[in-house]
Amino acid sequence: MAASCVAASELLHNMRQTSIFYPKASCLIRRISTTSIQSDSQPQLKAKSVPQQLVGVVGLEIHAQINSSTKLFSGSPVRFSAPPNSLVSFFDASLPGTLPVLNKRCVEAAVMTGLSLNCTINRKSLFDRKHYFYADLPAGYQITQHRRPIAVDGTLTYSLFGGKKKNQMIRKKVHIKQIQLEQDSGKSLHDDARSQTLIDLNRAGVGLMELVMEPDMSCGEEAAAAVRELQLILQALGTCQGNMSEGQLRVDANVSVHRPGEPLGIRTEVKNINSVRYLARAINYEIQRQIDVLQRGGTVQSETRAYDSKSGETIPMRDKEGLQDYRFMPEPNLPPLIVYEDNASLTTCIDACQAVVVQKIKEGLPELPSVKRDRLVQTHGILPEHSFTLVNEEGLVEFFEAVLKETKKEPRKVIGWVTNELLGHLKQQDLSVSQSPISPSALAELLELHEMGHISSSVAKQVFQEMWRSSGKTALQITQEQDLGLVSDTAQLHSICQQVVDSHPDEVQAIRNGNKKVLNKLMGLVQKETKGRADPVLVRGILQKKTS
């Protein structure tokens, strides 16, 4: 016991010696046990011997590529997968004598994003040169906003499922330290076979928004939920397409562990994570890796790591023990960036067409994802988790509401068809909502047939399958061609039910003995005989009389 207390004391001492501070402490804690569970019969020993648990702390730095037709400081077009070095201007290649010209669209995108994230928009922001020397950065510096960014002090509210059964909706917030405008670098293409590196400058100079999130998260699931919410916001605004596989949204995660109440631990940076799912896995792995290091009496190294999706592990890239001197300096070729509150604040010498006006941008903001989800729940009475499914898929909200306009079916019943049947088929074939072979009006017609009692629920699903395969055929046509309408002949149903009752005496006796659940089996047999065309309410009534 004494030895274990000494070891715990040394571990705490080592952590104090090697700790550094993040800008803010996290109040969201993910508890991870660092010792084995003690016996319930020894509560006093447990309280004295078990050290306080280590928890994860996560902050994010996100680079969002601005959705603009041209680059941040040049007129070169922006296009993914263009032939190498085909979209490069003299300025992008850093030829002598070239000067930057600021893209107004990129400034408006940054202001719009800042407003949507509850940021303070700085009326005056500055550009700086950040010096570092990579082959894909021809100027030897990046133009960014280090001293005074365009937006500061925002918040992002996100939701995730938690609780014991993971079915409870939990809302959380992460603070946005700043949003800054900067230019992207080129891309290095490594040819290991020839031991050479090729440079493609098509991406050099593309406008980026760097969003710095405070370390307010505690695990990979929280970080993934925050990034997904940000992705939806950017897509709703149109400021970034948010396609992570094309590098339009790149995430760096700063991860550390500590004991609550103590200084935050040494952090590692996991670079360039290109999917929300990998982000959660990379962070959770890194938290557990750091805990394992500390439990063994080691020290977490300040380093940059990469996530290997095949092994599910983070791997070291380079250490960060030495403080890199970026030699920041004011950008001499760009004046301060001024944005205006409203038209009244414009001076006579300012061209209104060239000015960025905050009030005008604010008035043009679209409905944001969180507002849309709340509206769907309040207006249509659907469950919160269903609202998340609708908003997460581009075009699905519009599809759902278009169906509602053309059917009398309750929204709670329509949502099942949209999220289960329609979305399930789209996912199977990797199609978007806009590519669906079934239109909202076609689905509404099918639901109306079911609502009016012309077809059963099982037949409705059968007709849906046929509509999916035979694009262009309506639900009514398929129902008539295949004679799938409900059997309305009461005498015929009585005859079929009597045959089922006569051929299953054991089930009938079980029902008469009080086992009412067996009635469902007999109903299934009747539906089998009628190929799903029998009215279940009518069949249940007939069977109840015949088995009473």
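Predicted model: local features only at pLDDT ≥ 70, side-chain atom pairs only at ≥ 80, totals over all residues.
User: Helices first. How do α9 and α11 cross?
Analyst: Helix α9 covers residues 396–405 and helix α11 covers residues 440–451. Their axes come within 8 Å and cross at roughly 45°. Axes are lines fitted to C-alpha atoms, for helices over the stretch in contact, and angles run from 0 to 180 degrees between N-to-C directions. Helices (H or I, at least four residues) and strands (E, at least two) are DSSP runs, numbered from the N terminus.

User: What do you call that arrangement of α9 and α11?
Analyst: α9 and α11 are oblique to each other. Angles under 35 degrees count as roughly parallel, over 145 as roughly antiparallel, 65 to 115 as roughly perpendicular, and the rest as oblique.

User: Which residues make the contact?
Analyst: F399, A402 and V403 of α9 meet P440, L443, A444 and L447 of α11. Contact means heavy atoms within 4.5 Å. The residues divide into 7 nonpolar, no polar and no charged. Here Ala, Val, Leu, Ile, Met, Phe, Trp, Tyr, Cys and Pro count as nonpolar, Asp, Glu, Lys and Arg as charged, and the others, Gly among them, as polar.

User: And α10 with α11, at what angle do they pack?
Analyst: Helix α10 (residues 411–428) packs on α11 at an angle of about 130°, with the axes 12 Å apart. α10 and α11 are oblique to each other. V414, W417 and V418 of α10 touch L443, L446 and L447 of α11. By class, that contact has 6 nonpolar, no polar and no charged residues.

User: What about α8 and α9?
Analyst: Helix α8 (residues 384–392) and α9 pack at about 115°, with axes 6 Å apart. That makes α8 roughly perpendicular to α9. The contact takes in T389, L390 and V391 of α8 and L396, V397 and F400 of α9. Those residues divide into 5 nonpolar, 1 polar and no charged.

User: Switching to strands. In what order do β6, β5 and β16 sit?
Analyst: The 3 strands form an open sheet in the order β6-β5-β16, and the pairing is antiparallel. β6 and β16 stand at the edges, each with a single partner strand, so one side of each is left without a neighbour in the sheet. Two strands pair if DSSP finds at least two bridges between them.

User: How many bridges does β5 make with β6?
Analyst: Strand β5 (residues 128–131) and strand β6 (residues 141–144) pair over 4 bridges. H131 has Y141 in β6 as its bridge partner. With strand β16 (residues 329–330), β5 pairs over 2 bridges. There, R129 stands opposite M329.

User: What holds strands together anyway?
Analyst: Strands of a sheet pair through backbone hydrogen bonds, either parallel or antiparallel.

User: How do β7 and β8 pair?
Analyst: Strand β7 (residues 151–162) and strand β8 (residues 168–183) are antiparallel, over 11 bridges. A151 stands opposite I179 in β8. Their hairpin has 5 residues between the strands, and G163 takes a positive phi near 85°.

User: Which strand do 7 bridges join to β8?
Analyst: That is strand β11 (residues 207–213), which runs antiparallel to β8. Q178 stands opposite V212 in β11.

User: Last topic. How many aromatic pairs are there?
Analyst: A search of the whole structure finds 9 aromatic pairs. One of them is Y278 with Y307, a tilted pair at 5.8 Å centre to centre and 50° between the planes. Rings of Phe, Tyr and Trp (its six-membered ring) pair if their centres lie within 6.5 Å; planes under 30 degrees apart count as stacked, over 60 as edge-to-face and the rest as tilted.

User: What does the pair of Y278 and Y307 tie together?
Analyst: Y278 lies in helix α5 (residues 276–295) and Y307 in strand β14 (residues 303–308), so the pair ties together parts that are 29 residues apart in sequence.

Notes: Residues numbered from 1 in each chain as written. Heavy atoms only, no water.
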